[in-house]
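Subject: Structure handover

Hello,

Here is the structure I promised to pass on. Please open it alongside this note, and my findings follow below.

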Amino acid sequence: MDKRLALPLTLLVLTGCAGCSGDGAVRGRPGAAGVRDPYFPRLGNGGYDVQHYGLTLDYAPATGRLRGTAEITARATQDLSAFNLDFAGMKVDSVTVDGERAALHRAGTELTLRPHDAVGRGDTFRTVVHYSGVPRRITDPDESEEGWLRSGERAVGLGEPTGSMAWFPGNHHPSDKASYDIRITVPEGMKAVSNGELRSERTTAGRTSFDWHSAQPMASYLATVAIGPYKTGTAERAEEKPVKKAAEKAGKKSGNSADKAGAGTGAGVATVGPLPIYSAVDPAVAADSARLLAELPGIITWQEKTFGPYPFSSTGVIIGRKGDSQYALETQNRPFLPGPTSVATLVHELAHQWFGNSVTPKSWRDMWLNEGFAEYTEWLWTEHTERVPVRQSFEEAYEDDDNWAFPPAKPPSAVNISDAPVYGRGAMVVQRVREAVGDAAFFRIVRGWLETYRHGNADTHDFTTYVERQAGRDLSGIWDTWLYGDEKPPLD
Ligand SMILES: [Zn+2]
């Protein structure tokens with residue numbers, strides 16, 4: 001038997017013989033408590049690679065209480081006597097590893113689990129954490145709020161860069177992507193919208209469970225749950241429509257297009273090819289959201305033509321109310337928008353499905369690979385729909401002093417990873433590459449980059465190396481000045 005079971009979980013001191021093998025020899029060592037992210041050194045954990053998260057969540061909007069079970073399937077990358085999960089707030093009720101109770105130590109946002117038997121390198125092991133409480137908001141270094149954002153009966157989980165640890169324990173660094181099954185139970189009449197595809201929606205005794213499945217890998221900062229009285233809808237995409245026509249159609253039929261295409265549910269929109277669309281809209285903003293919903297298929301079609309195949313098996317958008325969050329986020333499959341935003345914002349968040357969600361930064365220092373390309377996509381869209389040349393958007397960004405506070409590949413601290421240079425100057429880097437290699441090579445390189453690193457992780461070095469190899473030439477002049485340089489280079 002294990003005497004540790006008699007002790008209160010949180011008081012366990014991790015010095016026993018856990019990790020001892022049958023002959024008494026200690027096997028393994030603790031996994032690292034962080035993965036040395038330059039801005040969030042304690043974020044993520046070493047020693048294992050998560051394959052799958054199975055989250056079972058039960059939410060009570062009236063009290064804000066969440067009960068959760070996280071089943072985490074991971075592969076050990078070293079012999080492990082102990083390992084960490086990132087988790088903020090809430091109460092941990094019990095933890096098992098491969099069915100045996102594990103000792104638990106909690107300090108700040110680190111849960112240290114010491115399994116009954118050490119896990120051997122290469123082994124797949126299953127950790128189950130039962131937890132409960134009122135999930136919290138997390139204030140970022142830049143003072144924006146994420147984590148679990150509750151507004152009355154509504155709530156949304158948003159995680160960039162560290163907020164997902166507020167509603168489930170895990171390896172919360174973007175370098176460890178995994179597949180997900182998220183089941184959320186809420187009172188009947190409420191909806192719970194998440195990533196991936198809705199497998200089932202069942203109501204029993206006044207409570208409805210929504211089962212969401214994400215087969216493609218997802219970084220945890222892109223996981224979401226949006227709970228509220230959403231109007232939801234799904235549709236199969238039937239035909240491709242030129243963007244302009246889709247926009248015109250949206251303008252003419254904004255009063256009823258949602259009902260028509262959403263199978264009567266109010267939020268589905270016109271469709272694109274075989275890709276299912278599942279969108280959710282807060283009823284308070286349904287009328288004002290009709291145009292955005294109608295634009296989505298055209299945006300996806302245009303982005304596929306520009307960047308290559310859409311990387312996930314479903315798309316859509318979640319449109320909440322103003323104030324539900326302070327910013328829009330590119331949550332996987334379907335971005336979360338706090339109310340009906342501009343079309344440009346939707347274009348930006350959908351671009352992230354390629355740039356950030358499929359090709360994910362290796363660390364938060366590589367954030368410009370997300371935001372520079374998403375902003376650049378807005379420039380391309382403006383050229384496509386309003387005939388404003390990309391070069392003009394580039395020059396406007398060049399003249400904006402905010403973009404010159406620091407080089408995009410070297411934000412000075414965690415406070416700055418979402419500042420203007422990461423977006424505007426990041427996009428300028430992309431345009432400099434395009435001007436250097438020419439249009440045909442540029443779009444071939446961008447599509448190749450997305451294909452090569454599809455569903456993986458990449459950093460700035462991977463990018464510059466890839467571009468130079470494909471271009472067949474040295475582009476260090478661009479990197480040194482536009483990407484890493486402190487000075488504002490002259491414009492030619
Ligand atoms: Zn963005």
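**Salt bridges**

A network of salt bridges links Arg391, Glu395, Arg432, Glu435 and Asp492. By salt bridge I mean a side-chain nitrogen of Lys or Arg within 4 Å of a carboxyl oxygen of Asp or Glu.

Before going on, the ground rules. This is a predicted model, in which local features need pLDDT of at least 70, side-chain atom pairs count only at pLDDT 80 or more, and totals for chains, interfaces and linings use all residues. Residues are numbered from 1 along each chain as its sequence is written, and side-chain values use heavy atoms, with hydrogens and water left out.

The structure holds 19 salt bridges.

Take Glu435 and Arg391. They form a salt bridge, with the closest N and O atoms 2.8 Å apart. This pair links distant parts of the chain: Glu435 sits in helix H7 (residues 420-437) and Arg391 in helix H6 (residues 390-399), 44 residues apart. Helices (H or I, at least four residues) and strands (E, at least two) are DSSP runs, numbered from the N terminus. Glu435 has 35% relative accessibility, so it counts as partly exposed. Arg391 is also partly exposed, at 24%. The cut-offs: buried is under 20% relative accessible area, exposed is over 50%, and partly exposed lies in between (1.4 Å probe, protein chains only).

Next, Arg321 and Asp282. Their closest N and O atoms are 2.9 Å apart in a salt bridge. Again, distant parts of the chain are linked, 39 residues apart. Arg321 is in the loop between strand E20 (318-319) and strand E21 (336-337). Asp282 is in the loop between strand E19 (277-281) and helix H3 (286-307).

Asp439 is partly exposed, with a relative accessible area of 44%. Arg434 is buried, at 10%.

**Zinc site**

Which residues coordinate the zinc ion? They are His348 (NE2), His352 (NE2) and Glu371 (OE), at 2.0 to 2.1 Å. Donors are N, O and S atoms within 2.8 Å of the metal (3.2 Å for Na, K and Ca); water is not among the atoms, so sites may look incomplete. The donor residues are spaced H-x3-H-x18-E in sequence. His348 in helix H4 (residues 343-351) and Glu371 in helix H5 (residues 367-386) link distant parts of the chain, 23 residues apart. His348 counts as buried at 7% relative accessibility. Glu371 counts as buried too, at 2%.

Asn370 also lies in helix H5. Asn370 is buried, with a relative accessible area of 1%. Its C-alpha atom is separated by 5.1 Å from that of Phe355, 15 residues away along the chain.

**Surface charge**

Asp79, Asp98, Glu100, Asp117 and Asp123 gather in a patch of negative charge on the surface. Patches are made of residues with over 30% relative accessible area and no salt bridge, like charges being joined within 9 Å and nonpolar side chains (Val, Leu, Ile, Met, Phe, Trp, Tyr) within 5 Å. Asp79 lies in the loop between strand E3 (65-76) and strand E4 (80-86). It is partly exposed, with a relative accessible area of 31%.

Best wishes

Methods: Areas by Shrake-Rupley, 256 points an atom, 1.4 Å probe, with all protein chains shown as cover. Lys, Arg positive; Asp, Glu negative; His and termini not counted. Charge placed at Lys NZ, Arg CZ, Asp CG, Glu CD.
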